[in-house]
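Reader: Hello! Could you walk me through how the helix packing in this structure gets its labels?
Author: Gladly; here is the structure to look at while we talk.

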Amino acid sequence: MSFAEFVHMGGHGLYVWLAYGSTIAVVVALWLSTRASGQRVRKELKMGLKRQSKV
Amino acid sequence: MTIKELWHRLGSPRWFYQMMGPWGTGLGVAAALLLITGTLWGLIIAPPDYQQGNSFRIIYVHVPTALVCQSAYIMMGVAGFLFLVWRMKLADMVVKVTVPFGMVMTALGLFTGSVWGAPTWGTWWEWDARTTSMLVLLFLYFGLYALRQAIPRAESAGRACALLALVGVINIPIIKYSVDWWLTLHQPATFTLTEAPSMPAEMWLPLLVNVIGVYCLMGAVVISSLRTEILRRECNTSWVREELMGEPA
């Protein structure tokens, strides 16, 4: 099987790649945003604690 | 440890935060490995279907996402029940943090189903019992998200969301049996617990890998968001202060 045949998926390339592409993109984005919000909250809370300890 | 002690510990945000960090990481790694394996396997190695050709490969992203969003909802319904009956703080947090995950997975299940329907059923959308009940599930997730935003008092918002989560569980058996109760275009279940799969192993093994992978992903995402939510809600306690000071910046 050549690479072009693999991409073509026997005429179903559009459907297969649309389904896989959207799923992979959304799952990666979900994971990154979960991690980012965890880091953001930790950072904000730490800054709050520093401010409190100065006062 | 007796069951009663375990119960009290599970309800304690502090215990959960401190014990579950490694679990979140471990499940995240397992999810990544399984999902990469299952997806490549399904795309490259699994043979095309004799009737549907290569469009059948969409099963490897459609079934896991469409399954896990229902399990997430059941988990949320159980958590809602625990919060309504025992006022378990952690259960309210579970109801809150499961919503984005479930919403995203329901949307993906619907979207990949629609993309699969185009070459297979000849239409992108059909008001069929299965697709319609899945759309109701998506609206339930939207509703839960909006409800929490709309009620300013956290305590009342928690109770309202727990109740909606619990009542909405009725939709899950409707989704499951929709393909049996009504005449639908949707094909019946690929996997059942009681019968051997009707497809050959080379086709269902990658599906099984992706299904297990997506459940690990649910575990990782829910644990990670729960730990964040615990920090946010308990930020005035001394243990959170110590925890944050101890962690590297």
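**Helix packing and its labels**

Author: The axes of α3(B) and helix α6 (residues 154–168) of chain B come within 8 Å and cross at roughly 130°. Here axes are lines fitted to C-alpha atoms, for helices over the stretch in contact, and angles run from 0 to 180 degrees between N-to-C directions. This is a predicted model, where local features need pLDDT of at least 70 and side-chain atom pairs count only at pLDDT 80 or more, while totals for chains, interfaces and linings use all residues. Residues are numbered from 1 along each chain as its sequence is written, chains are lettered from A and ligands numbered from 1 in the order in which they are written, and side-chain values use heavy atoms, leaving out hydrogens and water.

Reader: Why are α3(B) and α6(B) called oblique to each other?
Author: Angles under 35 degrees count as roughly parallel, over 145 as roughly antiparallel, 65 to 115 as roughly perpendicular and the rest as oblique. The angle is roughly 130°, so α3(B) and α6(B) are oblique.

Reader: Which residues make the contact of α3(B) with α6(B)?
Author: With contact meaning heavy atoms within 4.5 Å, they include Tyr73(B), Met76(B) and Gly77(B) of α3(B), and Gly158(B), Arg159(B) and Ala162(B) of α6(B). By class, this contact has 10 nonpolar, 4 polar and 1 charged residues. Ala, Val, Leu, Ile, Met, Phe, Trp, Tyr, Cys and Pro count as nonpolar, Asp, Glu, Lys and Arg as charged, and the others, Gly among them, as polar.

Reader: What makes α2(A) and α4(B) roughly antiparallel?
Author: Helix α2 of chain A and helix α4 (residues 89–120) of chain B pack at about 175°, with their axes 9 Å apart. The angle is therefore in the roughly antiparallel class. Among the contact residues are Tyr15(A) and Leu18(A) of α2(A), and Phe101(B) and Val104(B) of α4(B). The contact of α2(A) with α4(B) has 14 nonpolar, 3 polar and no charged residues.

Reader: And what makes α2(A) oblique to α3(B)?
Author: Their axes come within 9 Å and cross at roughly 45°, which makes α2(A) oblique to α3(B). The contact is made by Ala19(A), Tyr20(A) and Thr23(A) on one helix and Tyr60(B), Val61(B) and Thr65(B) on the other.

Reader: How do you know that α3(B) has a span close to the expected one?
Author: The expected span of a helix is 1.5 Å times one less than its number of residues. With 28 residues, α3(B) reaches 40 Å from its first C-alpha to its last, close to the 40 Å expected.

Reader: Where does α2(B) bend?
Author: At Met20(B), by about 50°, and a proline, Pro22(B), follows within four residues. The bend at a residue is the angle between axes fitted to the seven residues ending there and the seven starting there. End to end, the 33 residues of α2(B) reach 44 Å, close to the 48 Å expected.

Notes:
Helices (H or I, at least four residues) and strands (E, at least two) are DSSP runs, numbered from the N terminus.
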